[in-house]
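I opened the model to look up strand pairing, cores and aromatic pairs. The entries below follow the order in which I went through it.

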Amino acid sequence: MRFLFIFIILNSLLSIGLHGQNKIFISGEIKDEKDNPISQALIAIEGTAVGTYSNDNGAYTLELLPDKYKIVISSVGYKTLKAEITIQANKKQDFVLEENKVTLEGVTVYGKSRVQQIRESSFAVNVLQIGESLQNSSANLNNIVGRTSSVRIREEGGTGSDFDLSINGLSGNSVRYFIDGVPLSSLGSGVSLSNVPTNIIEQVEIYKGVVPAHLGADALGGAINIITKKNQRNYLDASYGIGSFHTHKADLNAQFIESKTGLIIRPTISLNYSKNDYTMKGVEVWDEDCRKYILVDRKRFHDDYSSLFGQFEVGFANKTWADALFISCSYSEINKELQTGSVQSKVYGMAKKESNAWNISARYQKRDFIIENLQLNASLSQTWDRSLTVDTAYRQYDWNGDYIETPRNEITGRGRSMRHYKRPAAIVRTNFDYWLNERHSFNANYLLNRLNNERYDDVDADFEASNDVMAKHILGLSYGQSLLKRRMSNTFFIKEYINHLNIRQTDIPSVTGSKEVTGSITQNFFGYGISTRFTIVDPLAIKASYEHSVRLPLARELLGNGTTVYANVALKPESSNNINMGIFGTWRPASGHTFYYEANGFLRYADNYIQAAVSEKEGTLQYENVPSVHIKGIEGEVHYNWQNKLQLSTNISYQDARDQGKYKTDGKISATYKNRVPNQPWVFGNVEASYAWRNVVLPESKLRLGCTYQWVHWYFLTWEAYGARESKARIPTQYIYNTNITYSWKHGRYNIALECANIFDETAYDNYKLQKPGRSFFAKFRLFLN
């Protein structure tokens with residue numbers, strides 16, 4: 001009711017004398033007289049600051065209000081083209097530019113790409129364009145996102161391993177993942193940034209700390225929203241790659257539009273396989289001759305991984321009764337052998353995990369829904385998610401692959417187990433946009449995420465089966481302003497979180513707390529925030545944002561994962577006050593030279609911070625609440641582009657996260673008071689460089705050379721207050737160099753990529769000091785037809 005009341009008040013105050021309109025899209029391609037695509041052509045609306053650039057394939061998209069416009073299309077070496085266009089609905093419009101052999105000096109016109117417009121919004125956000133060079137490479141979203149400022153991804157091994165992502169010092173499940181505004185978990189628990197096909201993605205938005213209400217997220221550290229391609233054209237995109245450690249990757253993505261009815265069909269298939277048999281350096285094995293443990297190099301022997309993702313989507317777009325109506329079915333499957341526990345000294349040789357998920361979903365989008373100027377985006381999703389963890393071997397393995405018989409299983413040190421988890425999930429999202437005019441807008445969002453957690457075991461007779469229930473209702477309302485001829489923008493938002501739990505499991509109560517928290521519980525929480533951006537003078541602008549946010553524990557944290565993560569049903573929701581302040585701008589000192597810079601400072605004051613605690617003896621972990629954690633830090637990044645040939649970028653992040661809980665529950669002073677939070681990097685940076693040549697060897701070709709450098713300062717594995725500082729386990733400083741070369745011809749129809757990761761074969765550690773692969777090679781061929 002309070003949301004409805006606030007909405008009515010705001011609507012009454014702001015709708016007086018205002019007339020609302022919904023934004024629509026005009027898109028198409030820019031080509032020359034020989035039908036060759038023109039990249040970096042400027043498409044601008046005359047008399048305004050609205051504009052965009054064409055991509056490497058000559059494609060562009062502009063977001064406008066229904067009206068009559070004069071469009072100006074210009075590019076170096078071509079005659080400027082002007083056209084008058086009236087648009088009332090989404091429209092496709094191609095343009096052909098005529099070559100101009102006379103170059104005018106001293107006259108340069110610049111517009112803003114869609115990516116740049118989002119970057120320069122009032123929120124602290126990174127936007128990654130998944131262009132041709134990234135789609136040609138073997139990089140997955142983990143690799144791509146992990147190279148951006150303030151983001152650090154720590155993997156537990158090679159292909160398909162679990163990972164932990166942090167944004168501004170808040171990590172793990174404090175960050176939420178979305179695909180087109182819907183939780184990524186709707187595709188199944190096995191689908192993550194590491195295996196989402198990059199060739200279906202247009203861009204990735206990374207929100208830091210403060211998350212817009214329209215995403216409907218109970219995120220504490222930020223959110224990642226994957227935006228998929230929505231081009232209105234036929235195409236086929238297929239690729240195959242092969243690499244070190246018996247790694248194979250294959251992807252196919254296509255779109256077919258039936259000309260008579262406009263029916264759109266989009267099939268997607270993605271396959272990944274790897275033995276992950278890379279060398280583990282300096283691991284302990286028992287030497288019978290010396291009668292002691294010695295350090296040796298050994299290959300991983302039980303870490304096979306395979307994944308399958310398939311999706312079939314069918315629907316319509318740009319109809320009088322729907323701007324978009326699609327129904328999709330998807331299936332995902334993961335098969336993974338388990339090589340280690342949460343520490344690499346805990347070696348497994350028989351344990352494995354299997355999971356699969358079916359999903360069916362529908363989404364609908366319509367402008368002028370019921371009443372004029374109201375836009376609806378709605379989606380409904382049902383997922384059937386199953387997993388099985390097999391832990392039946394009474395063995396203890398070492399890195400030689402040898403074992404001894406023991407009275408306990410490998411993972412938990414208890415009896416034989418074939419543990420099943422069934423987690424059916426229903427997700428409902430309803431989003432309303434109401435545009436009063438170019439200066440004022442409303443957004444209302446509702447998200448329901450309901451999950452069952454049915455557990456049973458085929459061989460453990462002592463295991464008590466149960467069926468827990470988790471349901472989250474998240475409501476959000478925001479009001480946006482664009483003032484002073486777009487020099488200033490503000491967003492005000494409020495959120496309400498309703499968390500319903502029905503905990504029925506009672507096993508291992510001394511560990512999981514299951515006897516303390518049973519039965520049905522419903523809790524309400526409230527959040528709010530504001531973001532603002534002001535352009536002082538081009539190229540200098542400032543932005544600031546604040547949010548009081550709440551994050552509800554995920555199923556993995558609360559209920560465990562059936563293998564290496566114990567349940568903790570007594571976990572409390574996290575809350576945090578997040579503050580961001582920064583400056584940014586785009587500077588063009590001369591024709592063809594573009595600099596983009598951004599610097600931010602941030603504060604995070606988190607209560608009941610959820611932290612993973614590792615048991616080195618058992619090789620397992622469990623999530624627990626840290627009463628209070630304060631995080632402060634700064635970050636900066638600079639990008640340089642010269643004529644879309646030379647591209648340089650660098651970023652660095654510093655974040656200081658410390659325990660603020662002075663007293664323990666018994667009233668004694670905590671030993672970890674003001675300690676830095678362990679197992680979390682606090683200084684890290686990235687450097688990237690690439691150069692592209694055109695028409696090398698073959699006409700209509702492009703050759704690109706690139707390299708990346710990643711640096712991470714050392715950090716402690718556990719709380720620094722425990723044990724002697726000199727002998728404490730620490731994750732050492734990392735220096736990783738990678739290089740790549742891609743060659744494309746026939747305007748990107750055929751593409752070949754060769755890559756070398758970790759060129760100098762450094763010993764790379766990451767999450768919980770688990771070793772990552774050494775030097776590796778990868779080759780990929782991609783075919784793109786449109």
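Before reading any pairing, I noted the rule: two strands pair if DSSP finds at least two bridges between them. Helices (H or I, at least four residues) and strands (E, at least two) are DSSP runs, numbered from the N terminus.

**Entry 1: basis**

I am working with a predicted model, where local features need pLDDT of at least 70, side-chain atom pairs count only at pLDDT 80 or more, and totals for chains, interfaces and linings use all residues. Residues are numbered from 1 along each chain as its sequence is written, and side-chain values use heavy atoms, with hydrogens and water left out.

**Entry 2: confidence and domains**

I checked pLDDT, the predictor's confidence in each residue, from 0 to 100. The protein chain has a mean pLDDT of 85, and 91% of its residues reach 70 or more. Residues 1-21 stay under 50, and the model has 38 contacts for them beyond four places in sequence; a contact means heavy atoms within 4.5 Å. Over residues 101-110 the pLDDT is also below 50, with nine contacts in the model beyond near neighbours in sequence.

I then looked up the domain bounds, which come from an automatic or database domain assignment. The chain is divided into domain 1 (2-112) and domain 2 (117-785). I noted 33 Å between the C-alpha centres of domain 1 and domain 2.

**Entry 3**

I followed β17 (residues 235-243) into β18 (residues 247-257): the two run antiparallel and are joined by nine bridges. Leu-236 stands opposite Ala-254 in β18. The hairpin of β17 and β18 has three residues between the strands, and Phe-245 takes a positive phi near 65° there.

On to β19 (residues 264-274), which is antiparallel to β18 and joined to it by eight bridges. Here Leu-252 faces Ile-269 in β19 as its opposite residue. Six residues separate β18 and β19 in their hairpin, and Gly-262 in the turn has a positive phi of about 80°.

Nine bridges pair β40 with β39 (residues 646-659) in the antiparallel sense, and Gln-647 has Ser-690 in β40 as its bridge partner. β40 also pairs with β41 (residues 702-712), again antiparallel, over eleven bridges; Asn-686 has Gln-710 in β41 as its bridge partner.

**Entry 4: a five-stranded sheet**

What is the strand order in the open sheet of five strands? I read β9-β15-β16-β13-β14, with mixed pairing. β9 (125-129) and β14 (182-183) stand at the edges with a single partner strand each, so one side of each has no neighbour in the sheet. β9 is joined to β15 (residues 201-208) by five bridges, and the two run antiparallel. Val-125 stands opposite Tyr-207 in β15.

**Entry 5: cores**

I used this rule: a nonpolar core is a set of buried Ala, Val, Leu, Ile, Met, Phe, Trp, Tyr and Cys residues joined through side-chain atoms within 4.5 Å. Buried means under 20% relative accessible area, exposed over 50%, partly exposed in between (1.4 Å probe, protein chains only).

The largest core has 25 residues, of which Leu-141, Val-145, Leu-165, Val-204 and Ile-224 touch the most other members. At least two residues of this core come from each of α4 (141-145), β10 (151-155), β11 (163-167), β13 (175-179), β15 and β16 (222-228). Another core lies apart from it, with 19 residues, including Ile-24, Ile-26, Ala-41 and Leu-97.

I also looked up Ser-75, in the loop between β5 (67-74) and β6 (81-87). Is Ser-75 buried or exposed? Ser-75 is buried, at 15% relative accessible area. Leaving out residues up to four places away in sequence, Ser-75 touches Ile-38, Ser-39, Gln-40, Ala-41 and Leu-97.

**Entry 6: aromatic pairs**

Rings of Phe, Tyr and Trp (its six-membered ring) pair if their centres lie within 6.5 Å; planes under 30 degrees apart count as stacked, over 60 as edge-to-face and the rest as tilted. By this rule I have 24 aromatic pairs.

Phe-301 and Tyr-397 make a tilted pair, 6.1 Å centre to centre with 40° between the planes. Phe-301 is partly exposed at 32% relative accessibility, whereas Tyr-397 is buried at 9%. Tyr-737 and Phe-760 are edge-to-face, at 5.2 Å and 85°.
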